[in-house]
Structure formats: C-alpha cells, structure tokens
Amino acid sequence: MSPSDPILATPAPSRLQLPPGDWPSLLDGLCARFPRIDRAQWVDRFARGRVRNAQGRALAPDHPWQVGLEIVYFREVADEPVIPFAEAIVHQDAELLVADKPHFLPVTPAGGYVRETLLARLVARTGNPDLVPLHRLDRLTAGLVLFSTRPDTRDAYQRLFRERRIEKVYEALAPALPQVAFPLERQTRLVPGEPFFRMAEVTGEPNARTRIEVIERTGPVWRYRLHPVSGRKHQLRVHMAGLGAPILGDDLYPELRADAPAGVPLQLLANELAFDDPFTGERRTFSSGLSLHL
C-alpha cells in the first residue's frame with residue numbers, strides 16, 4: 001500500500017477479545033460493535049484477509065461469534081477527515097512525553113480515525129515508534145496525556161496507574177448547583193449501559209469515586225474541579241450528570257442526544273497530572289496550557 005492509496009491503514013493491527021453477545025456470525029457482531037464502519041467495509045476486510053485469529057489465520061465472515069476469542073484486525077479509513085486542532089508537547093525526556101490533547105482528537109486509532117490521532121501525530125513528530133499512551137482520554141475531552149517513550153521502563157510507569165498513584169485533576173463547566181454543599185465526594189457503582197458505549201449508575205457496592213469542588217460560582221454555569229479517585233469509563237461525565245449538572249457539550253449523559261450539535265466541545269479538561277517518579281522519587285507535576293471557555 002503506497003502513501004497515496006485512498007485507504008489509510010494503521011501499520012500495526014488492533015486486537016479484540018470478543019465480548020458476550022448473541023450474534024450469529026463474526027461479521028454480524030463486528031458490525032454491531034462498530035456501527036460507524038459500513039458492513040461492506042467489513043466484508044471487504046474479510047475478503048482481503050484483514051481479520052484474523054491470534055495465530056494469524058484469516059477468518060471468514062460467517063465464523064461463529066465465540067465469546068473470549070481473540071481476533072486481530074486492521075483499521076482502515078477511507079477519506080479520513082482532518083482534525084484542525086493542534087496538540088502540544090508539554091514535556092519530553094528519555095522516559096516520558098506529556099502532550100496537551102485538543103478537543104476532538106482521539107488518543108489512539110478508533111472508528112473513523114487512524115492517522116488523525118494523538119499517537120500517530122506524535123510518532124510522526126518525534127520519530128519514535130515506541131511511543132505508547134499510559135492512559136486514555138475520550139476524543140471529546142481535552143488535556144494532558146502521558147506517554148511512555150521506552151519499552152524497558154514502561155511497566156514502572158504503567159504500575160502508577162494500576163496502583164492509583166497518579167493524581168489527576170480535571171476542570172469542567174456545568175450548570176450551577178446552589179442547593180448542593182461542596183466540596184463533596186460522589187461514590188456510585190458504574191456498569192456498562194445501553195447502548196454499549198454508555199455507562200450507567202446502579203445500586204450496589206461503589207466502584208467509582210470522584211471528589212468535586214467548585215472553582216468559580218458565577219452565573220448559571222459554574223467551573224468545577226474534579227478529582228477522580230478511581231478511573232472508570234466516563235466516570236466524571238456520569239457523576240456530574242448524576243448530580244444534576246451534566247457537563248456542557250455532553251451528548252451521552254444524562255441521556256443520549258442524537259440531535260446534539262456537531263463541533264461543540266465537551267467542556268472537560270484534564271488539567272493536571274502529578275506523581276512520584278518510580279526511579280528517582282522526584283515529585284513530577286504537569287499542567288495543561290489549555291483552558292475552558294463558554
């Protein structure tokens with residue numbers, strides 16, 4: 001495939017362990033899991049051997065959907081849109097790179113984005129193919145993303161996230177809550193909701209905790225500081241919506257908004273990262289250069 005090919009493909013494959021589902025075939029399940037990819041495109045990928053098992057053997061589209069089966073597939077995007085917002089490198093050394101991600105830019109390839117991702121841009125910009133994000137932000141969320149630059153020290157930094165030794169601070173713009181006493185801590189149980197890409201709060205043992213403060217109480221929209229103690233998917237968005245103050249620009253919570261205006265940024269910013277370096281013990285703190293505006 002040449003650089004001028006109209007189909008842009010990632011150089012490395014993606015892996016997926018098939019989740020529970022009652023789809024009769026692999027093709028049906030993949031179409032349901034990735035609704036933004038046309039069925040014809042999946043059929044074409046199967047025909048060219050671009051969907052394989054973990055051993056590298058090409059799979060057929062009518063292969064049964066087997067929960068737990070690991071598949072390998074290659075993301076391809078025709079006419080990938082250009083995202084007209086630039087990332088910034090906040091810090092770079094021999095072990096780490098800290099980037100400021102703009103709204104709308106995915107961290108890694110997903111859906112209709114392959115090359116217009118933070119990872120692809122940074123690999124091209126630095127010439128370092130070993131870059132790996134140590135955590136993720138939603139495409140609509142802006143702010144700091146920490147990358148490992150070297151495989152041999154990567155696990156030590158990944159362990160900081162697994163053991164919750166990374167302090168993350170977010171800012172959000174959301175409706176005023178004059179009837180609520182702040183600061184507060186919201187603890188709820190989050191589970192996959194409907195559709196599958198949403199999360200839902202349910203009764204049961206809490207598995208998601210967020211400390212919430214108010215920075216600015218001016219007018220009908222307040223500026224909040226959010227400290228996620230845990231790191232569940234969409235946790236901050238669900239918790240703010242659950243309080244009655246959904247983050248401005250949120251098209252998923254409290255309800256799915258199919259008519260949400262395109263191009264409106266989610267007013268959520270990953271503003272600070274802080275941790276003790278696992279090798280030097282040095283306290284390291286990084287701040288975003290971005291800001292939220294009404």
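Reply: Let us begin with a definition: a residue is called buried if its relative accessible area is under 20%, exposed if over 50%, and partly exposed in between. Please keep in mind that this is a predicted model.

Me: What makes Tyr157 count as buried?

Reply: Tyr157 has a relative accessibility of 1%, and buried means under 20%, so Tyr157 counts as buried.

Me: Why is the pair of Tyr157 and Phe279 called tilted?

Reply: Rings pair if their centres lie within 6.5 Å, and planes under 30 degrees apart count as stacked, over 60 as edge-to-face and the rest as tilted. The centres of Tyr157 and Phe279 are 5.7 Å apart and their planes stand at 55°, so the pair is tilted. Because Tyr157 belongs to helix α4 (residues 151–162) and Phe279 to the loop between β15 (268–276) and β16 (283–287), the pair ties together parts that are 122 residues apart in sequence. Tyr157 and Phe279 also belong to one aromatic cluster with Phe275 and Phe286.

Me: How many aromatic pairs does this rule give, and what makes the pair of Trp23 and Trp65 edge-to-face?

Reply: The rule gives 11 aromatic pairs. In the pair of Trp23 and Trp65, the distance is 4.8 Å centre to centre and the angle between the planes is 70°; the cut-off for edge-to-face is over 60 degrees, so this pair is edge-to-face. The pair links distant parts of the chain, with Trp23 in the loop between β2 (14–17) and α1 (26–33) and Trp65 in the loop between β3 (51–53) and β4 (70–73), 42 residues apart.

Me: Why are β2 and β3 said to stand at the edges of their sheet?

Reply: The sheet is open, with 3 strands in the order β2-β4-β3 and antiparallel pairing. β2 and β3 each have a single partner strand, so one side of each is left without a neighbour in the sheet.

Me: How do you know that β2 and β4 pair?

Reply: Two strands pair if there are at least two bridges between them, and β2 and β4 are joined in the antiparallel sense over 4 bridges. Within this pairing, Leu16 has Ile71 in β4 as its bridge partner.

Me: What makes strand β14 (residues 221–228) largely enclosed?

Reply: Of its 8 residues, 6 are buried, so strand β14 is largely enclosed by the rest of the structure. Strand β10 (residues 167–175) runs antiparallel to β14 and is joined to it by 6 bridges, while strand β13 (residues 208–216) also pairs with β14 in the antiparallel sense over 6 bridges.

Technical notes
Residues numbered from 1 in each chain as written. Predicted model: local features only at pLDDT ≥ 70, side-chain atom pairs only at ≥ 80, totals over all residues. Heavy atoms only, no water. Phe/Tyr/Trp six-rings, centres within 6.5 Å; stacked < 30°, edge-to-face > 60°. Helix = DSSP H or I, 4+ residues; strand = E, 2+ residues; numbered from the N terminus. Buried < 20%, exposed > 50% of the residue type's maximum accessible area, 1.4 Å probe, protein only.
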